[in-house]
Amino acid sequence: MNKPLPDGVVGLYETHLPVADLQRSIVFYRDKIELTLASEFPDRGIAFFWVGGKDTGMLGLWGTGSGPLRMRLHFAFRCTKETALNACNTVKTAGIAPLGFNAEPACEPVVIGWMPALSVYFRDPDQHSIERLHVLDDTPGHGFGIRPYSEWTRCKPARA
């Protein structure tokens, strides 16, 4: 059962990542992921991108020393089913290695059975884990684990 969001909250708006090379990361998120650069503050070592528009979401990149910690993080872009199904080809075309749940090379999305959700993972230049995710309308398969989408479609009746 989904727990309702607190009064007035409609979703996650912003995510912030520390990056080793701000310009390299701007090029990655602008040119390979195709986010829109909202604003850059070179004197502060910070850049912001719109994720789906200024009313939808924002990604902040903090150059080394401008953020509170130097750590690797994970976040997921919510996307359509078609986008998730094509994500391996899309990221590979951009020169990025598509990955499975355990960082193994991937040629198709995995399904996280308990949700269920389609997922493709990849890394940015600072090795942050990024995911393209689509929550499926299917019934969850708690015993399915995390396996390729082709297996999910083959064993629909035996997932529970």
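A: The model shown is predicted. One may begin with S25, which is found in helix 1, residues 22-32.

Q: Why is S25 called buried?
A: A residue counts as buried under 20% relative accessible area. S25 has 0% relative accessibility, and therefore counts as buried.

Q: Which residues does S25 touch, not counting residues up to four places away in sequence?
A: S25 touches V19, L61 and D126. Contact means heavy atoms within 4.5 Å.

Q: What is the strand order of the open sheet of 4 strands?
A: The order is 1-4-3-2, and the pairing is mixed.

Q: Why is one side of strand 1 and of strand 2 left without a neighbour in the sheet?
A: Strand 1 (14-19) and strand 2 (36-41) stand at the edges; each has a single partner strand, so one side of each has no neighbour in the sheet. From one strand to the next, the twist averages 20 degrees.

Q: How do you know that strand 3 and strand 4 pair?
A: Two strands pair if there are at least two bridges between them. Strand 3 (residues 46-50) and strand 4 (residues 58-63) are joined by 5 bridges, and the two run antiparallel. One of the residues involved is F48, whose bridge partner in strand 4 is G60.

Q: Which residue takes a positive phi in the hairpin of strand 7 and strand 8?
A: Q127 does, with a phi near 70 degrees; this hairpin has 5 residues between the strands.

Q: Why is I130 called buried?
A: I130 lies in strand 8. Buried means under 20% relative accessible area; I130 has 0%, so the term applies.

Q: Which residues does I130 touch, not counting residues up to four places away in sequence?
A: I130 touches F28, Y29, H74, F75, F77, V120, Y121, F122 and D124. I130 and V120 are 10 residues apart in sequence, and their C-alpha atoms are 8.4 Å apart in space.

How values were computed. Residues numbered from 1 in each chain as written. Predicted model: local features only at pLDDT ≥ 70, side-chain atom pairs only at ≥ 80, totals over all residues. Heavy atoms only, no water. Buried < 20%, exposed > 50% of the residue type's maximum accessible area, 1.4 Å probe, protein only. Axes fitted to C-alpha atoms, helices over the stretch in contact; angles between N-to-C directions.
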